Amino acid sequence: KRFLSPDGRVVDFLQGQISHSEGQGYGLLLAVLQDDPKAFSLLWNWARDNLRMRKGDSLHAWKWGQRPNGQWAVLDYNNATDGDILIAWALLKGAGKWNNEVYRGQAREIVKAVRENLVVQRRKKLLVLPGYYGFVLKEGEVLNPSYLIFPAFRGFAGVEEKQFWKKVYEDSLEVLKKSAFGRLGLPADWILVRESGTSIYQERSRFFGYEAVRILLYLAWDGSLKALPGAKALLDMYKKLGYVPLNVDLVMNNISLEEGPGGYYAVYGRMARDL
């Protein structure tokens, strides 16, 4: 009622009523989990009709909204890899739940596009880029660890290039293990992977913040929380503080005095239960 428009668009009211591929992906996942095929169909039809505007691949433009001339359309044709992963994974789940082979075929198309356009091999490792354009620099690859949705990679291995997606899963866990920064050993919102090692990509963020907190959720879904040593340290920190902080500065080793939103508490609760 609050965020889904009648035509199937998930609306971000905090940012000028724009929509993202990621929002559609989360909406699709929630529709599967709630066994709501009608909402699922609405969400998917809108995403397919309005975000599949890129030429030459089956990826989705990440941002849609009102242009300066008043027209509502795609605002940025680059993709956001987590959006594509979430949409494809939700389609696979929907295909299984409602015995819909059309959804399975559409999921395969997106998974193939992710494999061909967004995964690069560097130093014998497969790295998942955050988007088609702008993340391969001279000095290395800019990655967003929260785009590594581990249970989705397992799902992809079941329908498309099994060994490839198995390696993506394993290599992504390695990336995460090398992204333990600060005293608590936490992943940063953004990292730079290069020949000499992995570092915090401070040009974008130096925090374990609203992006990186999702890693805890995806590892919990996957049953792999122990792969991140900082998970237990976070819970210990929460016990001492009495609140969940909005972010942790991994460079200065400072903890935010501002409290995180309710979603953070849900993630911490899930993490506590699993650990």
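Predicted model: local features only at pLDDT ≥ 70, side-chain atom pairs only at ≥ 80, totals over all residues.

Biologist: Which residues line the largest cavity?

Modeller: Its lining consists of Leu126, Leu127, Val128, Leu143, Leu148, Asp171, Ser172 and Val175. Two elements, strand E5 (125-128) and helix H6 (162-177), each give two or more residues to this lining.

Biologist: How many residues of each class does the lining of the largest cavity have?

Modeller: Six are nonpolar, one is polar and one is charged.

Biologist: Now the nonpolar core. Which residues touch the most other members of the largest one?

Modeller: The general idea comes before the names. In soluble globular proteins, nonpolar side chains tend to be buried together. Here the largest nonpolar core has 87 residues, and Phe156, Phe208, Leu216 and Tyr268 touch the most other members. Helix H3 (residues 81-98) is the element that gives the most to this core, with nine residues.

Biologist: What is Tyr268 in contact with, leaving aside its neighbours within four places in sequence?

Modeller: With those neighbours set aside, the contacts of Tyr268 are Phe208, Val213, Leu216, Leu234, Leu235, Met237, Tyr238, Val244 and Pro245.

Biologist: Phe208 brings me to strands. What is the order of the open sheet of three strands?

Modeller: Strands of a sheet pair through backbone hydrogen bonds, either parallel or antiparallel. This sheet has the order E9-E10-E11, and its pairing is antiparallel. Strand E9 (207-208) and strand E11 (254-255) are at the edges with a single partner strand each, so one side of each has no neighbour in the sheet. Two bridges connect E9 with strand E10 (residues 248-249), and Phe208 stands opposite Val248 in E10.

Biologist: How many bridges join strand E6 to strand E7?

Modeller: Three bridges join strand E6 (residues 141-143) to strand E7 (residues 191-194), and the two run antiparallel. Glu141 stands opposite Val193 in E7. E7 also pairs with strand E8 (residues 197-200) over four bridges, again in the antiparallel sense, with Ile191 opposite Ile200 in E8.

Biologist: What joins E7 to E8?

Modeller: A hairpin does, through two residues.

Methods: Residues numbered from 1 in each chain as written. Heavy atoms only, no water. Core = buried A, V, L, I, M, F, W, Y, C linked by side-chain atoms within 4.5 Å. Buried < 20%, exposed > 50% of the residue type's maximum accessible area, 1.4 Å probe, protein only. Contact = heavy atoms within 4.5 Å. 1 Å grid on protein atoms, 1.4 Å probe; cavity = no way out; pocket = protein on both sides within 12 Å on 5 of 7 lines; lining within 4 Å. Nonpolar A, V, L, I, M, F, W, Y, C, P; charged D, E, K, R; others polar. Pairing = 2+ DSSP bridges.
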